[in-house]
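User: I have a structure open and would like to go through it with you. Could you keep the answers in plain sentences?

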Amino acid sequence: MDLSYGPEYEDFRAELRAFIEKNQHKAPPAGMGMKHPEALEQDWQKLLIENGYTCRTIPKKYGGYGAEPDILKTVIIQEEFTKANVNSGLSGQGIGMLVPTLLENGNEEQREKYIRPTIYGEIHWCQGYSEPGAGSDLASLRTNARVEDDHFIINGQKIWTSGAHFADMCFILVRTEPDKPKHEGISYIMMDMKTPGIEVRPLVTMTGAAEFNETFLTDVKVPVENVVGKRGEGWKVANTTLKHERGMLGDPGQMLSRIESILKILQNEKLDGKRLIEHDMYRDRLIAAQAKTEALKFHSLRLLSHTLKNEEPGVSRLIVKYYGTTLARELSDIALEALGELGQLYMGSPHVRSHGSWQWRNMFDLGLIIGGGTSQIQKNIISERGLGMPREPKLAETK
Amino acid sequence: MEFGLSDDQKLLENSFRRFTENKLPLERIREFANTKTGCNADIWNGLVELAATGVLIPEQYGGAGFKMLDALVILESLGRTVTPVPFTGSAIMAPVALLTGGTEAQKEEWLPQIAAGETKFGVGVTEIISTRDSKGVSLSGDTLNGNTMFVIDGGPADVYLIAAGPDNMAIVPRTAPGVTVTQLTTIDYTRMHCEVKLEGVKADLLGGKGKASEAIKKTIMAGRLALAADTLGAAEVMIYKAVEYAKERKQFERAIASYQAVKHMCAEMITELEPFRSLLWYAAYAYDEMPDEALINILLAKSGIDEAGKFIKRTATEVHGGMGFTDLMGLHYWYKRVSVNRALLGTPDILRNEAAIAQGWLAA
């Protein structure tokens, strides 16, 4: 056990702190924006890239900073921006998923054309994976493309395409080889969202906001050179991207700051004239959740340590999505239930607390339990890959 | 940056796992448990040979001079095989008490005997945490009177360290005049705790009168870490026993491990436990290296592991179906070990209340 980062990293941290201190007045507000990056975001992004605080390992020739991968520096960057509550640059599916995929599977022309404008926030991407009939069983997707005159002609429907209404491009999975087995007939294609035949309809969720969309595709014409990797190998290509997604751990720092926010509620709000924190029932629940949050924090450090040593951490990594999303929801539950009826007030109501954001959070937390692999899928993964338990036999095998 | 066990600690882990697994197949566990002595001489001597009884004791007093995280690696191994030895009381809590609060003479007298396994200690601090049946020991002049319950590993002990209020701790030989020891039989027959009654017992006070408050606090912290590590080991084994059983057991022509209803139970068990292993490691590290962080992390770690343990002992038993409920399978030894660990030195509810106070959450 050695929790010091060593002098090289402490210097790096000190420089970063000084950078944040000096430049934070130029930063756009922290938090995910559900809109296309504008000049303010793009300028901040440029400054961060030039200083190596985002897109660190993307090669210089594609517009990145070109540093060697160094996970400790990545962690320090995340820690410091979270601590300072300063915008840490653009995120989203273009930078998070498409760019790593192009670096791994794209051809030179594709990398040169798309990576730079993506990381600088000029091209915003959405992801076209899920379909109404293909959720947990994504490989059964039915949106299809035939080839005519060097173009894919795409027809079908995608769902959960967040940001599709302001995205410039979409990376989409379509069935191009209908006669092949389901995993071998899929292609990974980059599609311009201005192409005729694309209709985006906002998908209003239980929160009342439209965080996602449904995207309908009718004879959408995309040049064949927009396929990433080979035709029919889209499942493999998409999985290298999912690997990048899985590599991103939940952020325990954010959950610890939620504990702080709930503590403030319990210390400031009263029930029957007595502060909530003095009521054993709420205090006890918060501390039980605090224990789990602290456990997750140190668990992340343990996983980080495995990554640094190139060790496969096995089941201890597989549990993170299920544990983290369940815990996040437990936390927003505590805030809401401690507020009683007041917790049910929403947007703009008299007496509403924190603008109803705990209700929004609580509903969205449920969405996160379902999205990105439901808890049930996670439990299959944990038990099958982590504990070596057998898969459920397919229907045909049981007959 | 390295968060986790060092290579040396992994070697330690391997050698203790080998030792306990060789010594304790199920039939031996059953045989030893049925003696209800709380200490098997053969295993105890083996632990002495491996220098485990002196793990926390500095070399100058005949021990190995290791740190708390090393000790927890050993404890987890002992928990995995529900090992019938008084390790928590004698090798963890008593050395911490003596090292923190003892005079040089007291350390020189007792620590080498503990390290050599010749003298076994039981530790009575229950009433400092929570009092039942109006028990408790009081000190008047240099005389002790009263009762203390659930003296940790007190059944097979030769000497006791007994807290008399929050500031005094006495070293009391079992054979001293005025001492009555009554063994308490919990559901867990692998370790034996006791009630110690003191009637006009002349006290040898740890560090002198009123000097033991720091020692008592650290002894409780160390004991909580030890019990949590024991549960961690026992609960993890319960999970893997459930997984193995589910892979072998067939119903409706399939291994029950292939039913999602069953494997999701197993996934939930490992998910509840694994993050708390990380927190426990950190708490043990903080105990030695970052004292300011130790108390709160120990409270959170033991309460969290106890809760995970409660879920696992029930769920793992259910995965075993009717067999889990029988003595044939022997799973109940682990179930009972986890149960008793949860209750000792503060149930999770009590620990969480202490954690609120420790963080100043109740102050205005």
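User: Where is the place of Thr88(B)?
Analyst: Thr88(B) sits in helix H5 of chain B, where helices (H or I, at least four residues) and strands (E, at least two) are DSSP runs numbered from the N terminus. Before going further, note that this is a predicted model, in which local features need pLDDT of at least 70 and side-chain atom pairs count only at pLDDT 80 or more, while totals for chains, interfaces and linings use all residues. Residues are numbered from 1 along each chain as its sequence is written, chains are lettered from A and ligands numbered from 1 in the order in which they are written, and side-chain values use heavy atoms, with hydrogens and water left out.

User: Is Thr88(B) buried or exposed?
Analyst: Thr88(B) is buried, its relative accessible area being 6%; buried means under 20% relative accessible area, exposed over 50%, and partly exposed in between (1.4 Å probe, protein chains only).

User: And what does Thr88(B) touch?
Analyst: Not counting residues up to four places away in sequence, Thr88(B) touches Leu75(B), Met93(B), Ile152(B), Asp153(B), Gly223(B), Ala226(B) and Leu227(B), a contact being heavy atoms within 4.5 Å.

User: Where is Pro86(B) found?
Analyst: Pro86(B) is in the loop that runs between helix H4 (68-80) and helix H5 (87-101) of chain B, and with 1% relative accessibility Pro86(B) counts as buried. Its contacts, again not counting residues up to four places away in sequence, are Gly38(B), Cys39(B), Trp44(B), Ala91(B), Lys120(B), Asp153(B) and Pro156(B). Between Pro86(B) and Gly122(B) there are 36 residues in sequence and 7.9 Å in space, C-alpha to C-alpha.

User: Switching topic, which residues have the most contacts inside the largest nonpolar core?
Analyst: They are Phe81(A), Leu47(B), Met68(B), Phe87(B), Ile92(B) and Leu280(B), in a core of 135 residues. A nonpolar core here is a set of buried Ala, Val, Leu, Ile, Met, Phe, Trp, Tyr and Cys residues joined through side-chain atoms within 4.5 Å. Helix H9 (residues 260-289) of chain B contributes the largest share of this core, 16 residues. Apart from it there is another core, of 30 residues, which includes Val99(A), Tyr114(A), Ile115(A) and Ile123(A).

User: What is Phe81(A) in contact with, beyond its sequence neighbours?
Analyst: Leaving aside neighbours within four places in sequence, Phe81(A) is in contact with Leu16(A), Ile20(A), Trp44(A), Leu48(A), Tyr53(A), Val86(A), Asn87(A) and Ser88(A).

User: At what angle do H8(A) and H9(B) pack?
Analyst: They pack at about 80°, with their axes 7 Å apart; axes are lines fitted to C-alpha atoms, for helices over the stretch in contact, and angles run from 0 to 180 degrees between N-to-C directions. H8(A) and H9(B) are therefore roughly perpendicular to each other, given that angles under 35 degrees count as roughly parallel, over 145 as roughly antiparallel, 65 to 115 as roughly perpendicular and the rest as oblique. Among the residues that meet there are Ala295(A), Phe298(A) and His299(A) from H8(A), and Phe276(B), Leu279(B) and Trp281(B) from H9(B).

User: What about Glu294(A), is it buried or exposed?
Analyst: Glu294(A), which is found in helix H8 of chain A, counts as buried at 12% relative accessibility. Leaving aside neighbours within four places in sequence, Glu294(A) is in contact with Leu256(A), Leu279(B), Asn297(B) and Leu300(B).

User: At what angle do the axes of H7 and H8 of chain A cross?
Analyst: The axes of helix H7 (residues 252-268) and helix H8 (residues 280-308) of chain A cross at roughly 165° and come within 9 Å. That makes H7(A) roughly antiparallel to H8(A).

User: Last one, how is chain B divided into domains?
Analyst: Chain B has domain 1 (7-115), domain 2 (121-205) and domain 3 (213-358), with bounds that come from an automatic or database domain assignment. The centres of domain 2 and domain 3 of chain B, taken over C-alpha atoms, are separated by 28 Å, and 19 residues of domain 2 of chain B are in contact with 17 residues of domain 3 of chain B.
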